[in-house]
Amino acid sequence: MSTLPSGCNLRPANAKDTWAIRKLVLSAKLDPTQLRWQQFSVVECNGRVVACGQLRAFAGAQELGSLVVASNWRGKGLGTYLVEYLIGQATQPLYLECLGRKLAEFYTRFGFVAVTWKELPRSLKLKFALSVLATNIGVPVTIMRYSKL
């Protein structure tokens, strides 16, 4: 597993992190709905939340979502550390959706593979239906499944 920079630690989110999580998610132009701090893990550096990610539970599956690293902290391994940690916490088949080829390549490094909407468990089909519609109009959304669970 990768390591965090000095002065940084990974911890479960708490209620006081709600606004920091919301700010990170909005800064990345991600969906700000369904943000329950109880589902999040955060990376705190020098007393400030600079990265977050969540595992959301669905019937028979989990979603890795809302993974964001503050722009001035990117390239320091925080996203890698957080993804590795969240994969390790998953207890059911793990899925995600990402925008753009660069992000899909990032997640491929961890063992995620692209899947079609038809391959999704029933509990995720409605959740990811908008992604399918987006790809039909040219938005590069990729749905992925962790292949090593």
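These entries record what I looked up in a predicted model.

**Entry 1: the sheet.** I began with the strand order. Seven strands, E1-E2-E3-E4-E5-E7-E6, form an open sheet with mixed pairing. I then looked for the edges. Strand E1 (8-12) and strand E6 (112-114) each have a single partner strand, so one side of each is left without a neighbour in the sheet. From one strand to the next, I noted a twist that averages 25 degrees.

**Entry 2: strand E2 and its partners.** I next followed E2 (residues 40-45). With E1 it pairs in the antiparallel sense, over 5 bridges, and Ser-41 in E2 has Pro-12 opposite. With E3, E2 again pairs in the antiparallel sense, here over 6 bridges; in this pairing Val-43 stands opposite Ala-51 in E3.

**Entry 3: burial along E2.** Which way do the residues of E2 point, and are they buried or exposed? Phe-40, Val-42 and Glu-44 point one way, whereas Ser-41, Val-43 and Cys-45 point the other way. All of these are buried, and I recorded E2 as mostly covered, with 6 of its 6 residues buried. For reference, side chains in a regular strand alternate between the two faces of the sheet.

**Entry 4: helices across the sheet.** I turned to the helices. Helix H1 (residues 18-27) lies across E2, strand E3 (48-58) and strand E4 (61-69). The angle between H1 and E3 is about 85 degrees. Helix H3 (residues 101-108) lies across E4, strand E5 (94-99), E6 and strand E7 (141-146), and runs at about 150 degrees to E5.

**Entry 5: the nonpolar cores.** Which residues have the most contacts inside the largest nonpolar core? I found Val-43, Leu-64, Leu-78, Tyr-107 and Phe-112, in a core of 40 residues. Helix H2 (residues 78-89) supplies the largest share of this core, 6 residues. I also noted a second, separate core of 8 residues, which includes Ala-61, Leu-120, Leu-124 and Phe-128. In soluble globular proteins, nonpolar side chains tend to be buried together.

**Entry 6: the surroundings of Val-43.** I set aside its neighbours within four places in sequence and listed its remaining contacts. These are Leu-4, Cys-8, Asn-9, Leu-10, Arg-48, Val-49, Val-50, Ala-51, Leu-78 and Leu-82. Of these, Leu-78 is also named among the residues with the most contacts inside the largest core.

How values were computed:
Residues numbered from 1 in each chain as written. Predicted model: local features only at pLDDT ≥ 70, side-chain atom pairs only at ≥ 80, totals over all residues. Heavy atoms only, no water. Pairing = 2+ DSSP bridges. Helix = DSSP H or I, 4+ residues; strand = E, 2+ residues; numbered from the N terminus. Axes fitted to C-alpha atoms, helices over the stretch in contact; angles between N-to-C directions. Contact = heavy atoms within 4.5 Å. Buried < 20%, exposed > 50% of the residue type's maximum accessible area, 1.4 Å probe, protein only. Core = buried A, V, L, I, M, F, W, Y, C linked by side-chain atoms within 4.5 Å.
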